[in-house]
Amino acid sequence: MPGIEARTTRADRTRESILTAAERLLAEQGVAAVSSRRVSEAARQGNNAAVGYHFGSKADLLRAIVRKHTTAIELIRSDLLTAAADSTELRDWVACLVRPYTEHLAALGNPTWYARFAVQAMADPTYREIMTDEAFSAPSFQQTVEGLNRCLPTLPLPVRLERQEMASHLLLQVCAERERSLARGVPPTRRSWADAATGLIDVLVALWSAPITECSVE
């Protein structure tokens, strides 16, 4: 029915406007500083309760933002995993970790906010779990971790987990800084997102394969 289709289209446009406004505000100002009311106002919704109506809680809104991007990132990573297949080259699996993220940001154009949003969400104890559940529990991400682990069979589990966390932080922070530079019109060090990915891969390969120095626990 035309009436139902029109209402559905309007609802979809409203949801997209809210998601875009929320992602930008949360990226620029932090999760704690932005209320659902402010998001509704930024999305130009006459009803200040629009966020609650369309998404529910603030946590539900954040989850929707992450899922929107994770879906696209997953598609890119799936293609890279097919190409990597049974590779035993560490660099191939690090590329599967990095390039889906950078290629997605490149495809969004400029400005983008998702990398800065992700950093803000990961820094907030209340919402960090949402980020890790949605972004890091995806099947293709788990396949990538398995590929990395196969290339590092002698790396002790505690060191492996430590370096995995380091790699995740580095990926998010470097992308957020590049995104911030582009949004401000400041030329970043690397010319393109593809070049930025290459630099990240260089560093992360070194990180994963770095020697282990024994340390005492006090």
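How far apart are the mean positions of the positive and negative charges of the chain? The mean positions of the 25 positive and 26 negative charges are 8 Å apart. In this count Lys and Arg are positive and Asp and Glu negative, while His and the chain ends are not counted; each charge is placed at NZ of Lys, CZ of Arg, CG of Asp or CD of Glu. The structure is a predicted model, in which local features need pLDDT of at least 70 and side-chain atom pairs count only at pLDDT 80 or more, whereas totals for chains, interfaces and linings use all residues. Residues are numbered from 1 along each chain as its sequence is written, and side-chain values use heavy atoms, with hydrogens and water left out.

Along the principal axes, the C-alpha atoms fill a box of roughly 60 × 45 × 35 Å. The accessible surface comes to about 11900 Å², and carbon and sulfur atoms account for 53% of this surface (Shrake-Rupley method, 1.4 Å probe; for residues, only the protein chains shown count as cover). Of the 218 residues, 43% are buried (buried, under 20% relative accessible area; exposed, over 50%; partly exposed, in between; 1.4 Å probe, protein chains only). Among contacts between residues at least 6 apart in sequence, 71% join residues at least 24 apart (contact, heavy atoms within 4.5 Å).

Helix α5 spans residues 90–108 and includes L90. L90 has a relative accessible area of 12% and is therefore buried. Leaving aside neighbours within four places in sequence, L90 is in contact with L148, C151, L152, V205, W208 and S209. The C-alpha atoms of L90 and L204 are separated by 9.7 Å, although these residues are 114 apart along the chain.

Helix α6 (residues 114–123) is mostly covered, with eight of its ten residues buried. Among them are R116, A118, V119 and M122. Y114 is buried at 2% relative accessibility, and F117 is buried at 0%.

Two aromatic pairs were counted (rings of Phe, Tyr and Trp, the last by its six-membered ring, with centres within 6.5 Å; planes under 30 degrees apart are stacked, over 60 edge-to-face and the rest tilted). Y101 and Y114 form a tilted pair, at 6.2 Å centre to centre and 55° between the planes. Because Y101 lies in helix α5 and Y114 in helix α6, this pair ties together parts that are 13 residues apart in sequence. Both Y101 and Y114 are buried. The rings of Y114 and F117 are stacked, because their centres are 5.8 Å apart and their planes are at 25°. Y114 and F117 are three residues apart within helix α6, about one turn of the helix. Y101, Y114 and F117 form one aromatic cluster.

Elsewhere, R178 lies over the face of W193, at 4.9 Å from the ring centre (NZ of Lys or CZ of Arg within 6 Å of the ring centre and within 35 degrees of the ring normal).

Most residues other than glycine have a negative phi, and most peptide bonds are trans. N110 and P111 are joined by a cis peptide bond with omega of about 5°, and P111 is placed in the loop between α5 and α6. A85, which is not a glycine, has a positive phi of about 45°. A85 is found in the loop between α4 (58–84) and α5 and is partly exposed, at 41% relative accessibility.

Methods
Helices (H or I, at least four residues) and strands (E, at least two) are DSSP runs, numbered from the N terminus.
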